[in-house]
Amino acid sequence: MEDFQEQEYEFLRRLEEERVDRRTLLRRGAAVGAGLTVLSLSPAALAAREKALKDPPMLGRSIKLSEIVKEAKKEGHLNLIATPPEWANYGEIIPTFSKKFGIPNTVDNPEGSSGEEVQAIISLKGQSRAPDAVDVGPGFAVGPSNQGLYARYYVQNFKTIPRAMKDGRGFWTGDYWGVMSFGANLNVVDKVPTDWSDLLTANAKFALNDDPRKANAAFSGVFAAALANGGSLNDIGPGIDFFAKLNKAGKFQAVNVTPQTVASGQTPITMDWDYNQLAYKKIYTNFKWDVSVPKTGAYGGYYCQAINATAPHPWAARLWEEFLYSDQGQLLFLKGFAHPARFTDLVARKVIPKSLLAALPPASRYAGVKFASLGQIQRAKDKVAAEWGPKVLGA
């Protein structure tokens, strides 16, 4: 399968090169025509030229970055969604992009879930405020790809991204990964839990960051609970059962976690990705915040970038992707404690500042972390959708 994907990529690359060559010829023809009074382009030729210029490429390597920048600036805006400033360092990444390329941005529904991102593509289709690109969990990448909601695009650094974190068809690409971790407000509870069994004896309720039926981080928390309670990557059932038990004991809080619910003591113990929990140490300044990776059930997962197939700013969307997968963009993810997709490549080329590596948790913390395949995620997602309500919430 992997060899087939690489062969497909090379085939598409050749097609794209031919396509760009045709675009170049159209431009040269237009330039020649502009200098001659006796020659002019026919309406059909003009239409073909405009289509060549407006139709964004499928392969980043087939076009100069400067041309992508030029066309993106003509569009003049980038629409993003569900990229909160505290998440994976988006608070620095997004303004850095806008300052670097002179393209303003809008972030709609910053605290939204992966499911809400996909729904926005559907409900806002054809509108100028529709998202240009999304950052979703794998469970929300495959289905929409098959539904035609995402555009095919291979960033210039596509080959340096691990095979397991990219779609060979080009519909989505993993951008960073993390591990599910506990976080606790020590002004409310005595200590941060170190394992799942601690949640049953804690003196406060525990909360996932959102509803696991619509949010990838919350869903991943259920997967982690399954691994710690007799389940496996092929069986998320024990994770659902654990939360049913937790809820029955009055130890589970089924609410959307926000800085306000944490500060107020409503959700003093939470589960989220390690990069978010570590970043919260800088954000939660009114109380002490501590973080730990569970001793059992260490579950890792990545997020995926995808471009809206009907993006109002398709060139800006591609420029945004190129920025995120550039060395600069990947290092900004790392600065926010998220492991970037191209981490191995960055290490091999020795381009990671020592200060960034020193700020990361010890490598031993990630020993034994398990990652589910796309098939396992989809099956688990279906099971959670069917059983979470009746088993855990009683509805």
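**Close-up 1. Arg-318 in helix α11.** Arg-318 belongs to helix α11, which spans residues 314-324 (helices are DSSP runs of H or I with at least four residues, numbered from the N terminus). The model is a predicted one, in which local features need pLDDT of at least 70 and side-chain atom pairs count only at pLDDT 80 or more, while totals for chains, interfaces and linings use all residues. Residues are numbered from 1 along each chain as its sequence is written, and side-chain values use heavy atoms, leaving out hydrogens and water. Arg-318 is buried but has no salt bridge, and Asp-55, the nearest side chain of opposite charge, is 6.5 Å away. Here buried means under 20% relative accessible area, exposed over 50% and partly exposed in between, with a 1.4 Å probe and protein chains only; a salt bridge is a side-chain nitrogen of Lys or Arg within 4 Å of a carboxyl oxygen of Asp or Glu; Lys and Arg count as positive, Asp and Glu as negative, and His and the chain ends are not counted.

**Close-up 2. The salt bridge between Lys-335 and Glu-92.** The closest N and O atoms of Lys-335 and Glu-92 are 3.1 Å apart. This pair links distant parts of the chain, 243 residues apart, with Lys-335 in helix α12 (residues 327-335) and Glu-92 in helix α4 (residues 90-101). Lys-335 is partly exposed at 42% relative accessible area, and Glu-92 is also partly exposed, at 25%.

**Close-up 3. The salt bridge between Arg-342 and Asp-345.** The closest N and O atoms of Arg-342 and Asp-345 lie 2.7 Å apart. Arg-342 is buried, with a relative accessible area of 2%, and Asp-345 counts as buried at 17%.

Technical notes: Helix = DSSP H or I, 4+ residues; strand = E, 2+ residues; numbered from the N terminus.
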